[in-house]
Amino acid sequence: MSNSVCGHFETIRTVKHARARECDECVKIGSAWLHLRTCQSCGVTLCCDSSPNRHASKHARSAQHPVVASAEPGERWLYCYPDDSMAEY
Ligand SMILES: [Zn+2]
Ligand SMILES: [Zn+2]
Ligand SMILES: [Zn+2]
């Protein structure tokens, strides 16, 4: 984890929050998840890297949407996948 060279956070003006408390992809395939992340490019909510399917990470790579926000209650941080960087908001 580093706070070094990530310019992605600066492009986020308003943090997108989860529309529902579920991973869209896990719901489709009937799988379970652990924690939720909300993509800051398109607003989709997907599961974290500790979940079996790691949908947020896969989405970040395939859609090239770098930054997610935690969708967990009380957590106010952003994470950039390509830069492995975190920021609070
Ligand atoms: Zn970044
Ligand atoms: Zn998922
Ligand atoms: Zn996205």
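Visitor: What makes the arrangement around the zinc ion (ligand 1) tetrahedral?
Guide: This is a predicted model, and the label rests on computed angles. The four donor atoms around the zinc ion (ligand 1) subtend angles of 103 to 120°. Four donors count as tetrahedral if all angles lie between 85 and 135 degrees, so the arrangement around the zinc ion (ligand 1) is tetrahedral.

Visitor: Which residues are the protein donors of the zinc ion (ligand 1)?
Guide: They are C6 (SG), H8 (ND1), C80 (SG) and D83 (OD), lying 1.9 to 2.3 Å from the ion. A donor must be within 2.8 Å of the metal, and these distances meet that limit. Along the sequence the spacing is C-x1-H-x71-C-x2-D.

Visitor: Why is C6 called buried, and why is H8 called partly exposed?
Guide: Buried means under 20% relative accessible area, and partly exposed lies between that and 50%. C6 has 12%, so C6 is buried. H8 has 28%, so H8 is partly exposed.

Visitor: What makes the site of the zinc ion (ligand 2) tetrahedral?
Guide: Its four donor atoms subtend angles of 104 to 117°. Those values fall between 85 and 135 degrees, so the tetrahedral label applies. The donors are C23 (SG), C26 (SG), C47 (SG) and H55 (ND1), at 2.0 to 2.3 Å. C23 lies in the segment before α1 and H55 in helix α2 (residues 55-63), so this pair ties together parts that are 32 residues apart in sequence.

Visitor: How do you know whether C23 and H55 are buried or exposed?
Guide: The cut-off for buried is under 20%. C23 is at 0% relative accessibility and therefore counts as buried. H55, at 13%, is buried too.

Visitor: How many salt bridges does the structure hold?
Guide: Two. In one of them, E25 and K28 meet at 3.1 Å, N to O. The definition asks for a side-chain nitrogen of Lys or Arg within 4 Å of a carboxyl oxygen of Asp or Glu, so the E25 and K28 contact qualifies. Both residues lie in helix α1, three residues apart, about one turn of the helix.

Visitor: Which parts of the chain does the pair of E72 and R21 tie together?
Guide: E72 forms a salt bridge with R21, the closest N and O atoms being 4.0 Å apart. E72 lies in the loop between β3 (67-70) and β4 (77-80), and R21 in the segment before α1 (24-29), so the pair ties together parts that are 51 residues apart in sequence.

Note on methods. Residues are numbered from 1 along each chain as its sequence is written. Chains are lettered from A and ligands numbered from 1 in the order in which they are written. This is a predicted model: local features need pLDDT of at least 70, side-chain atom pairs count only at pLDDT 80 or more; totals for chains, interfaces and linings use all residues. Side-chain values use heavy atoms; hydrogens and water are left out. Donors are N, O and S atoms within 2.8 Å of the metal (3.2 Å for Na, K and Ca); water is not among the atoms, so sites may look incomplete. Four donors count as tetrahedral if all angles lie between 85 and 135 degrees; four count as square planar and six as octahedral if opposite donors are over 155 degrees apart and all others between 65 and 115; anything else is irregular. Buried means under 20% relative accessible area, exposed over 50%, partly exposed in between (1.4 Å probe, protein chains only). Helices (H or I, at least four residues) and strands (E, at least two) are DSSP runs, numbered from the N terminus.
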